[in-house]
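This briefing concerns charged side chains and how they pair. Please look through the sequence and the model before reading on.

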Amino acid sequence: MPPDGSDRLHEGMNADAIAVLIESLTRTYGSGPDTVTALDRVTLAFPAGSFTAVMGPSGSGKSTLLQCAAGLDRPDSGEVSINGTRLGGLGETALTVLRRERIGFVFQSFNLMPSLTAAQNVELPLRLAGRRPEPAAIKAALAAVGLADRARHRPSELSGGQQQRVAIARALAARPQVLFADEPTGALDTGTSRDVLRLLRALVTEQGQTIIMVTHDPIAAAWADRVVFLADGRIAGALDRPTAEAVATRMTQLEVSA
């Protein structure tokens, strides 16, 4: 990797092939002697139609990277572009619209409304945005996650894995260009985690979805096309076609040197 901790993956790539481009991103918190540098001049490109896992020791900056890349947080300097649109030049209203229309989010907590059915939960973001959900689109989103027969079930009637799949369907309903996932299997058991990861993998392989996932689990990361490692807010390496064993070894090395 280059000495400044950047990743020049985007060099030589067609701009249309890049879903998310991060350029010299820096984000700090606090001031004076208490300043913490969460990201330090990070440059990364995420190809369209790819599945990337982001890993690193606690405090490495991976959650900050995800939040800045998704437009949930503003960097101190540097730029984030999503399919060619630079986020830095957008006002809050335009940024909100972009997140709503072009970005999907999946978190460790399912964040489903308990009084609503699976279909109504999937519709909810669209309704809040003032858009009329198309029944066929909602049905297709649930079918894509294997829950076509659970549309009328409420969260209490679904397993944890099924609830996470509803959350994924909700994220897919707006047909996002990029799906950001923050520890999507963190609250699930091993078998259920595997089902969710298999679903995410299929969305990339079969539908060309772009997914960027933060995880601490080497087994989860092994489902990705590529794993990017962070340490102290800088790029600390990457693995293509990762295996769980190789990821675990790299993580151990980073944690020992931290």
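Which residue forms a salt bridge with Glu79, and how far apart are the closest N and O atoms? The partner of Glu79 is Arg86, with the closest N and O atoms 3.9 Å apart; a salt bridge here is a side-chain nitrogen of Lys or Arg within 4 Å of a carboxyl oxygen of Asp or Glu. This is a predicted model, in which local features need pLDDT of at least 70 and side-chain atom pairs count only at pLDDT 80 or more, while totals for chains, interfaces and linings use all residues. Residues are numbered from 1 along each chain as its sequence is written, and side-chain values use heavy atoms, with hydrogens and water left out.

**Salt bridges and a network**
- The structure holds 12 salt bridges.
- Glu23, Glu79 and Arg86 are linked in a network of salt bridges.
- Glu79 is buried, with a relative accessible area of 16%, whereas Arg86 is partly exposed at 46% (buried means under 20% relative accessible area, exposed over 50%, partly exposed in between, with a 1.4 Å probe and protein chains only).

**A pair between separate parts**
- Glu92 forms a salt bridge with Arg74, and their closest N and O atoms are 3.1 Å apart.
- Because Glu92 lies in helix H2 (residues 92-102) and Arg74 in the loop between helix H1 (62-69) and strand S4 (77-82), the pair ties together parts that are 18 residues apart in sequence; helices (H or I, at least four residues) and strands (E, at least two) are DSSP runs, numbered from the N terminus.
- Arg74 is partly exposed, with a relative accessible area of 29%.

**A further pair**
- Asp40 forms a salt bridge with Arg41, the closest N and O atoms lying 3.2 Å apart, and Arg41 is partly exposed, with a relative accessible area of 40%.
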